[in-house]
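Please keep the sequence and the 3D view at hand while reading.

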Amino acid sequence: MEASPGVEAEAVGPEPPDEIEAVPVRHYGRWIAAAIVLLITAALIKSAATNDRFEWGVIGDYLFDSRVLDGLRLTLELTVLGMVIGIVLGVILALMRLSQNPVLSTVSWVYIWFFRGTPLLVQILIFFNIAALYPTIGLGIPFGPTFIHINGTELITPFFAGMLALGLNEGAYMSEIVRAGIISVDEGQFDAAKAVGMTRGQTMRRVVLPQAMRVIIPPTGNETISMLKNSSLVYVIAVKELLYTVTLIYSVNYKVIPLLIVASIWYLAATTVLSIGQYYLERHYGRGGPGAESEPLLHRIVRGVIGRRDEAATGDLGPPPTWSGHNR
């Protein structure tokens, strides 16, 4: 039986086109710019390494000096204590600001207005000289008898004044960070918690704040790093933190630049550790949200160095590498 002409024409149709092979776009300008940046960076490194005026030997001698390490320890103590005060105070102020009570919300707003509107250095100097206003500090019943009398000069030491100024100033900024995190939570969460019989305090602790942490953690990490650097301001009231310590040393041996480089190295080391901690905190609280499956930190660093953007443009990234101890 012969096939009809129509069927034969259909069977002998045109051959399918060959598979298109995608070729990544060549970014010559990007590579030229990268080469220029690398050349400039290499020139700067060579200049610093070969310039005898940097006195790298002096930097090595003082990098682990006991006085410098004591100053670093005091800097870290100021950072930790200042952030603890700031976070606790920030949560309280944020809840006051969101309260339906006009007195509480107004007091919170005034506090934030004052501490955000005046320079931190001025606040440090005011707290250091607070004994001029209150030579004796009394504790007792308001508008009633006073049971404890404390000498203001003995209480407000330079370290205590610096810690208090840093913490109270940080509380104003942390309150806005916490408030932003709370209002980022959908109103339906409040309604659902109320429907199951939770009080407002229970709703905040168990429902709202755990979800708000995803918004709160990144700026809090930035504030912690800023606190570490802002702690250097207390050198004006003679607190022997890192900067004041190296200042005392170079005022004797006149090695100004080497000692400032020593301080910078320790500041960079501390901020690097804090940045890594911030990364893992963000990853922990970001589980279940956008970007929750982010790649490990070491993977990001390696990928940033070797670069895989051309592969990403073609979609041929292959299986992601695994890093022991980092993948969830």
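E55 sits in the loop that joins α2 to α3 (56-63). The model is a predicted one, and in it the phi of E55 is near 55 degrees, a positive value in a residue that is not glycine. Most residues other than glycine have a negative phi. E55 has a relative accessible area of 25%, so E55 is partly exposed.

Y254 is another non-glycine residue with a positive phi, here about 65 degrees. Y254 belongs to the loop between α11 (242-253) and α12 (256-285). Its relative accessibility is 69%, so Y254 counts as exposed.

**Overall make-up**

The protein contains 14 helices and two strands. Of its 328 residues, 30% are buried. Among contacts with a separation of 6 or more, 69% are between residues 24 or more positions apart.

**A surface patch**

Which residues form a nonpolar patch on the surface? They are Y28, I32, I36, I40 and L44, and together they have about 560 Å² of accessible area. L44 is part of helix α2 (residues 28-50). L44 counts as exposed because its relative accessibility is 59%, and the cut-off for exposed is over 50%.

**Aromatic residues**

Six aromatic pairs are present in the structure. In the pair of W109 and W113 the ring centres are 6.3 Å apart and the planes meet at 5 degrees, so this pair is stacked. Both W109 and W113 lie in helix α5 (residues 102-117), with four residues, about one turn of the helix, from one to the other. W109 has a relative accessible area of 43% and is partly exposed, while W113, at 55% relative accessibility, counts as exposed.

Y279 and Y280 form an edge-to-face pair, with 5.0 Å from centre to centre and 80 degrees between the planes. Y279 is buried, with a relative accessible area of 10%, whereas Y280 is partly exposed at 30%. The table sets the two pairs side by side.

| Pair | Centre-to-centre distance | Angle between planes | Arrangement |
|---|---|---|---|
| W109 and W113 | 6.3 Å | 5 degrees | stacked |
| Y279 and Y280 | 5.0 Å | 80 degrees | edge-to-face |

One aromatic cluster is made up of Y111, F114 and F115.

**Nonpolar cores**

The largest nonpolar core consists of 34 residues, and Y111 and V234 are those with the most contacts inside it. Elements giving two or more residues to the core are α4 (66-97), α5, α6 (120-128), α8 (158-183) and α10 (200-230). Which element gives the largest share of this core? That element is α8, with 10 residues.

Once residues up to four places away in sequence are set aside, V234 touches L78, I124, G162, L166, V239 and E241. Another core lies apart from the largest one; this other core has 18 residues, including Y62, V68, L259 and A263.

G152 is located in helix α7 (residues 152-155). Is G152 buried or exposed? The relative accessible area of G152 is 0%, so G152 is buried, the cut-off being under 20%. Beyond its neighbours within four places in sequence, G152 is in contact with A131, Y134, P135, T136 and I137. From G152 to I137 there are 15 residues in sequence, and their C-alpha atoms are 5.9 Å apart in space.

S105 is a residue of helix α5, the helix that also holds W109 and W113. With a relative accessible area of 19%, S105 is buried because this value is under 20%. Leaving out neighbours within four places in sequence, the contacts of S105 are M96, R97 and S99.

Key. Residues are numbered from 1 along each chain as its sequence is written. This is a predicted model: local features need pLDDT of at least 70, side-chain atom pairs count only at pLDDT 80 or more; totals for chains, interfaces and linings use all residues. Side-chain values use heavy atoms; hydrogens and water are left out. Patches are made of residues with over 30% relative accessible area and no salt bridge: like charges are joined within 9 Å, nonpolar side chains (Val, Leu, Ile, Met, Phe, Trp, Tyr) within 5 Å. Accessible areas come from the Shrake-Rupley method with a 1.4 Å probe; for residues, only the protein chains shown count as cover. A salt bridge is a side-chain nitrogen of Lys or Arg within 4 Å of a carboxyl oxygen of Asp or Glu. Buried means under 20% relative accessible area, exposed over 50%, partly exposed in between (1.4 Å probe, protein chains only). Rings of Phe, Tyr and Trp (its six-membered ring) pair if their centres lie within 6.5 Å; planes under 30 degrees apart count as stacked, over 60 as edge-to-face and the rest as tilted. Contact means heavy atoms within 4.5 Å. A nonpolar core is a set of buried Ala, Val, Leu, Ile, Met, Phe, Trp, Tyr and Cys residues joined through side-chain atoms within 4.5 Å.
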